[in-house]
Amino acid sequence: EKLEETLQQLFPQARIVRMDADSTRKKGAHKALLDEFGQGADILVGTQMVAKGLDFPNVTLVGVLAADLSLNRNDYRAGERTFQLLTQAAGRAGRGEQPGEVVVQTYQPEHYSVVYAAKQDYEGFYGEEIAYRELVGYPPVEHMLAVLIVSRVQEEGELLGKEMTDLVKRGMADVAGLRVIGPAQATIGKISDLYRHSFYVRHGTYQTLVEAKDRLERFCRERELRGQTVQFDFDPMGAY
């Protein structure tokens with residue numbers, strides 16, 4: 001909204017369309033806004049939803065603000081997500097006969113995600129990203145089991161997380177290469193008065209993580225949890 005306001009001050013004659021969660025809340029609003037832009041509006045301002053799949057041949061300039069915010073997320077795929085977003089956004093410009101230009105605002109212009117996105121170099125990015133994941137053992141090099149604990153009482157969630165991680169560490173101590181990370185407060189620590197904690201188990205063999213999950217599920221059944229739920233996710237697509 002602030003960007004829309006600033007653009008209207010800079011270009012008072014321009015027709016500006018804003019597309020975000022608020023402006024697309026009503027049924028059919030998404031299509032109506034895109035139709036308005038396609039039929040002659042000058043500027044389309046929006047969140048990440050405007051970066052994907054739009055095909056307007058007259059768009060000749062795309063700007064991406066704070067492009068590196070996604071690099072600071074607690075997510076092993078942060079670099080990949082940033083590269084995807086920038087290449088998708090850049091692809092909105094110059095789709096017709098007129099050439100396009102892309103301007104990216106970033107505080108980390110040297111980051112490989114930004115550098116390779118600017119060059120549209122997919123193979124270069126892959127080489128850098130897969131080397132990083134090999135170094136730290138993230139998917140797809142190794143497998144990962146994410147465990148999310150949701151609890152009505154914060155202290156009970158913390159205690160359950162410690163008990164479950166201790167169970168894996170003790171019960172599978174003889175498994176070479178097994179790593180347990182956490183427990184800690186989840187990326188979103190509280191939703192609707194429910195507290196969230198998470199931990200991760202990593203290993204090169206998928207079946208080893210299945211064994212860890214089975215152990216944890218048996219433990220939860222024996223404990224007959226009340227006021228707590230536990231969720232498992234193999235090779236998660238985001239951070240918990």
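Colleague: Which are the buried residues of helix H2 (residues 29-38)?

Modeller: First, the basis: this is a predicted model, in which local features need pLDDT of at least 70 and side-chain atom pairs count only at pLDDT 80 or more, while totals for chains, interfaces and linings use all residues. Residues are numbered from 1 along each chain as its sequence is written, and side-chain values use heavy atoms, with hydrogens and water left out. Buried means under 20% relative accessible area, exposed over 50%, and partly exposed in between, with a 1.4 Å probe and protein chains only. Helices (H or I, at least four residues) and strands (E, at least two) are DSSP runs, numbered from the N terminus. In H2, the buried residues are Ala29, Leu33, Leu34 and Phe37. They lie on the same side of H2, because they cover an arc of only 130° around the axis; the arc is that of the directions from the helix axis to the C-beta atoms.

Colleague: What covers the buried residues of H2?

Modeller: Contact means heavy atoms within 4.5 Å. The cover of the buried residues of H2 includes strands S1 and S2. After H2 comes Gly40, with a positive phi near 135°.

Colleague: How should I read a pocket, and how much space lies in the largest pocket?

Modeller: Rolling a probe the size of a water molecule over the atoms shows where empty space is left. On a 1 Å grid over the protein atoms alone, a cavity is a set of points where a 1.4 Å probe fits but cannot get out, whereas a pocket is an open set with protein on both sides within 12 Å along at least five of seven lines; lining residues have an atom within 4 Å of a point. Grid points are joined across faces, edges and corners, and a volume is the space filled by probe spheres set on the points. Here the largest pocket holds about 1,300 Å³ of space. Its lining has 40 residues, and Leu44, Gly46, Val50, Gly63 and Val64 lie nearest the centre. Two or more lining residues come from each of helix H1 (2-10), strand S1 (16-19), strand S2 (43-46), strand S3 (61-64) and helix H3 (78-90).

Colleague: What lines the second largest pocket?

Modeller: The second largest pocket, with about 370 Å³ of space, is lined by 25 residues, among which Asn74, Asp75, Tyr76, Tyr138 and Tyr200 lie nearest its centre. H3, helix H5 (122-136), strand S6 (179-191) and strand S7 (194-203) each give two or more residues to this lining, and the largest share, six residues, comes from S6.

Colleague: Where are the cis peptide bonds from Pro139 to Pro140 and from Gly182 to Pro183 placed?

Modeller: Omega is the angle to read. For the bond from Pro139 to Pro140 omega is near 5°, and Pro140 lies in the loop between H5 and S5. For the bond from Gly182 to Pro183 omega is near 10°, and Pro183 is in strand S6.

Colleague: Is Ser192, which has a positive phi although it is not a glycine, buried or exposed?

Modeller: Ser192 is exposed, with a relative accessible area of 66%; its phi is about 50°, and its place is the loop between S6 and S7. Asp235, also not a glycine, has a positive phi of about 45°. Asp235 lies in the segment after strand S8 (228-234) and is partly exposed, at 25% relative accessibility.

Colleague: What does the side chain of Ser151 reach?

Modeller: A polar contact is a pair of N or O atoms within 3.5 Å; within protein, one must be able to donate a hydrogen and the other to accept it, and residues adjacent in sequence count only if both atoms are side-chain atoms. The side chain of Ser151 reaches the backbone oxygen of Val153 at 2.8 Å. Ser151 belongs to strand S5 (residues 143-151) and is buried, with a relative accessible area of 1%. Beyond its neighbours within four places in sequence, Ser151 is in contact with residues including Glu156, Leu194 and Gln228.
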